[in-house]
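Here is a short tour of the model, moving from the surface to the core. Have the sequence and the 3D view at hand as you read.

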Amino acid sequence: MSDFPLPERPFPGLEAFREADAAVFFGRERDIERVVDLLNRARRKDAKGFVLLLGTSGCGKSSLLQAGVIPRLKLSGERAAA
């Protein structure tokens with residue numbers, strides 16, 4: 001069972017996956033964990049600056065962030081607050 005609700009359309013076509021598509025966004029778990037870990041380490045060290053996600057056009061950067069990283073960060077924040 002997924003921690004995220006299922007979207008109305010499980011396949012967005014050529015559009016990027018959105019946060020609402022988190023339940024059907026899969027196959028990028030390692031990439032998601034790497035970005036989340038990097039962001040968490042930077043936050044713990046009170047780092048200044050930004051994290052750059054670089055890739056060719058169409059490789060899935062927006063989907064990775066919107067349907068992968070952001071929902072995981074929100075979910076971990078909810079669990080930490082509980």
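## An exposed leucine

Leu52 is exposed, at a relative accessible area of 60%; exposed means over 50%, buried under 20%, and partly exposed in between (1.4 Å probe, protein chains only). You will find Leu52 in the loop between α1 (29-44) and α2 (61-81). Together with Phe50 and Leu54, Leu52 makes a nonpolar surface patch of about 440 Å². Patch members have over 30% relative accessible area and no salt bridge, with nonpolar side chains (Val, Leu, Ile, Met, Phe, Trp, Tyr) joined within 5 Å and like charges within 9 Å. A salt bridge here is a side-chain nitrogen of Lys or Arg within 4 Å of a carboxyl oxygen of Asp or Glu.

This is a predicted model: local features need pLDDT of at least 70, side-chain atom pairs count only at pLDDT 80 or more, and totals for chains, interfaces and linings use all residues. Residues are numbered from 1 along each chain as its sequence is written, and side-chain values use heavy atoms, without hydrogens and water.

## The nonpolar core

Now to the inside. The largest nonpolar core has 9 residues: Phe17, Val24, Phe25, Ile32, Val35, Val36, Leu64, Ala67 and Val69. Both α1 and α2 give two or more residues to this core. Such a core is a set of buried Ala, Val, Leu, Ile, Met, Phe, Trp, Tyr and Cys residues joined through side-chain atoms within 4.5 Å.

## The chain overall

The chain has 2 helices and 0 strands, taken as DSSP runs (helices H or I, at least four residues; strands E, at least two) and numbered from the N terminus. Of its 82 residues, 24% count as buried.

How values were computed
Areas by Shrake-Rupley, 256 points an atom, 1.4 Å probe, with all protein chains shown as cover.
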